[in-house]
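Hi,

Could you take a look at this structure when you have a moment? My notes on charged pairs and a surface patch follow below it.

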Amino acid sequence: MVKMKLQKKINLVIIVLAIVLVSIISFVGVYKKKQNRMVNVIPNYNVGTNLDGHRKAVIEVDNSDKNNAKSKEGTEQKESKETEKSQDEKVKEYEKSLNIIKSRLSDLKVKDYTVSLDKNTGRIEMMLPEESNTDTILSGLAESGKFEVVDKITSDVLLSNNDVSKVDIVRENRGAATNLVLNITFNINGTRKFKDITKNYQNQVVENVNLNGTENTTTNNATNANKKVVIKLDNSTLLETSFTNIIDSGILSLTIGSSKSEVASLEDQYTGAKNLAALINNETLPVKYKLRTNYYIMSPLNKYNINYLVYVGIIIALIISLVLIIKYRLNGVVGTILSIGYMACLLIIIRYANVELSIEAMLGFILAFIIGTMFNIFACSEFKDFNMTNKELGIARNKLFKKFVLSLIPVSIFALIACLFSLSSLFSFGTVLFWSIIVAIIYYCSLTIILINSMHKKK
């Protein structure tokens, strides 16, 4: 009997310590040293634009070349060529440009953005989340993105965007340095072309041809001496090169950054490399654009207002917990500890599930706290007596779970409806509420069974 009582107390202490540990991890974080600074290994919150502010950018059709051509030529022939496109053709080009912009944003992993098109003027308006790399993303978003591999002498186009299948960025460790390598993978047609290029554009080509299984022939191609290709993006030269080997893998690897660079940090170089990859990986814009507007729009709730709301929420939670402790004594204390652990677990799940948090999501957290408080009230009401029999404990436990689950049904329906909306703010609210319900059922139901066995003297 004494050993059983001791085991129950140990179980109770272990649960409380586990809740304290999870709460520290959730509210404070877990830090490790990385590059001479301490970094939290727990993911950051994914804050939406209406909570963290956003960037408004507008790109417009660049008519400067046409205007210059008109002023220089001044002929009716030039003017007729510029007006030969119908409005329908222009609209198709504008819509294609819009889709390319969206694809670039997708490649750059930009979330919670909106893009709209004025079909009359080709004007594209974007709302992007405010992040550390937003300026870098916008700096290349309106570029034409014309990728070409051309003959240095004749300027013949050998490869273009249409020959590209995908573009990846790889970090390669070379001793003490880390290099950023841009791997351009070509499609089937591009792979065939690239193999021919690596064969024809090198100072010396060595081919081993097995004719009958025993005889090898080596051929020197002197006519290819000094032949080079130029790799260009929007008519700017990225690299001039020739090849030493025939490459049949269909992958062109370009080193575009290094940790030894004194110009920019490796992360800044990586952001620039992602921009480059997004341009090459998509089609060329059929219309020339330029960035016209770029400014930050502050959220209705700034950082200080959010902190005030959090403080008010904590004060309300403390008052409710104090009332429960005064009314239910030990059960109230345990319920308060459970509530802290529940919110801590929920916040960790929200981070790892990468749930986008909006202003409306704050309401989801309020409802989550109400769900936890509701369970505590139900539990305290059912387990007032610490001297219940096994049968009475079983009946009370089943009654508690049934009452709690039934009370969550209308909330679950509400969360499901909110998750079905495409509007990001409502979806954010619904997702927070959905995880609140899932975590509440698993967390409270599992811990309650252990706590009941540890706190009550069963007969």
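Let's start with K152, which is partly exposed because its relative accessible area is 43%. (Buried means under 20% relative accessible area, exposed over 50%, and partly exposed in between, with a 1.4 Å probe and protein chains only.) Before going on, a word on the source: this is a predicted model, so local features need pLDDT of at least 70 and side-chain atom pairs count only at pLDDT 80 or more, while totals for chains, interfaces and linings use all residues. Residues are numbered from 1 along each chain as its sequence is written, and side-chain values use heavy atoms, leaving out hydrogens and water.

Which residue does K152 meet in a salt bridge? The partner is E240, at 3.2 Å from N to O. (A salt bridge is a side-chain nitrogen of Lys or Arg within 4 Å of a carboxyl oxygen of Asp or Glu.) This pair links distant parts of the chain, 88 residues apart: E240 is in strand β14 (residues 236-241), and K152 is in the loop between β7 (147-151) and β8 (157-160). (Helices, H or I with at least four residues, and strands, E with at least two, are DSSP runs numbered from the N terminus.) E240 is partly exposed too, at 38% relative accessibility.

By that rule, the model has twelve salt bridges. Another one joins K119 and E95, with their closest N and O atoms 3.1 Å apart. K119 lies in the loop between β5 (114-117) and β6 (124-129) and E95 in helix α5 (residues 87-107), so this pair ties together parts that are 24 residues apart in sequence. K119 is partly exposed at 43%, and E95 is partly exposed at 29%.

Then there's E148 with K146, a salt bridge at 3.6 Å, N to O. Here E148 is buried, at 11% relative accessibility, whereas K146 is partly exposed at 34%. There is also a network of salt bridges linking K56, E60, R123, E125 and R292.

Now for the nonpolar side. V20, I24, F27, V28, Y31, M38 and I340 form a nonpolar surface patch, with about 680 Å² of accessible area together. (Patches are made of residues with over 30% relative accessible area and no salt bridge; like charges are joined within 9 Å, and nonpolar side chains, meaning Val, Leu, Ile, Met, Phe, Trp and Tyr, within 5 Å. Accessible areas come from the Shrake-Rupley method with a 1.4 Å probe, and for residues only the protein chains shown count as cover.) Helix α1 (residues 2-27) gives the most to this patch, with three residues. V20 sits in helix α1 and is partly exposed, at 40%.

Cheers
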